Amino acid sequence: MKSPFADIDQAFLPFFDSAFAVTTKDGRKTTIRASLFADMTGDPFSEGAMETGRKDIVLVCREEDWPWIKANVSRGDRLVSDGSAAEYRVSQVEDDFTVGKIIRARSI
């Protein structure tokens, strides 16, 4: 009988349905697939401006992309959504112990 724990990562692939073109500051390029979430925790530009048109996003990245992200992606790199053509700048790359590599970015 096949183990129920074999190929368990395949069950999560449908969640990685957002593609982003990544361009680093030194010109390296690739496309990653990730789970896209709106980030509602971004700080306002000032205390008097509680609303903004800026969009913050969080990308939870596939495990197969982690080595490239770790070696190449950093603050200021450019992301372009393949679906909406929206452009973002990376604000932070995190190692999360529960889901792996997370990229936080803000709209340009």
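In the predicted model, six strands form a closed barrel in the order β1-β2-β3-β6-β5-β4, with antiparallel pairing. With direction ignored, neighbouring strands of this sheet are turned by 45° against each other on average.

Strand β3 spans residues 56–61. In the barrel order, β3 stands between β2 and β6. Strand β2, residues 29–38, runs antiparallel to β3 and is joined to it by 5 bridges. Within this pairing, Ala34 has Cys61 of β3 as its bridge partner. The pairing of β3 with strand β6, residues 100–107, is likewise antiparallel and comprises 5 bridges. Here Val60 is placed opposite Ile102 of β6.

Burial along β3 extends to 6 of its 6 residues. In a regular strand, side chains alternate between the two faces of the sheet. In β3, Asp56, Val58 and Val60 point one way, while Ile57, Leu59 and Cys61 point the other way. Both sets are buried.

Asp56 lies in β3 and has a relative accessibility of 9%. Asp56 is classed as buried because this value falls under the 20% cut-off. A polar contact of 2.8 Å links the side chain of Asp56 to the side chain of Arg54.

Strand β1, residues 18–23, pairs with strand β4, residues 78–81, in the antiparallel sense through 4 bridges. Phe20 has Ser81 of β4 as its bridge partner in this pairing. Ser81, located in β4, has a relative accessibility of 11% and therefore counts as buried, the cut-off being 20%. When neighbours within four places in sequence are set aside, the contacts of Ser81 are with Ala19, Phe20 and Ala86.

The loop between β4 and β5, the latter covering residues 87–96, contains Ala85. Most residues other than glycine have a negative phi. Ala85, in contrast, has a positive phi, near 65°. The relative accessible area of Ala85 is 52%, so this residue is classed as exposed, the cut-off being over 50%. Exposed Ala85 belongs to a loop, whereas buried Ser81 belongs to strand β4.

Technical notes. Residues numbered from 1 in each chain as written. Predicted model: local features only at pLDDT ≥ 70, side-chain atom pairs only at ≥ 80, totals over all residues. Heavy atoms only, no water. Pairing = 2+ DSSP bridges. Helix = DSSP H or I, 4+ residues; strand = E, 2+ residues; numbered from the N terminus. Axes fitted to C-alpha atoms, helices over the stretch in contact; angles between N-to-C directions. Buried < 20%, exposed > 50% of the residue type's maximum accessible area, 1.4 Å probe, protein only. Polar contact = N/O pair within 3.5 Å; in protein donor to acceptor, adjacent residues only side chain to side chain. Contact = heavy atoms within 4.5 Å.
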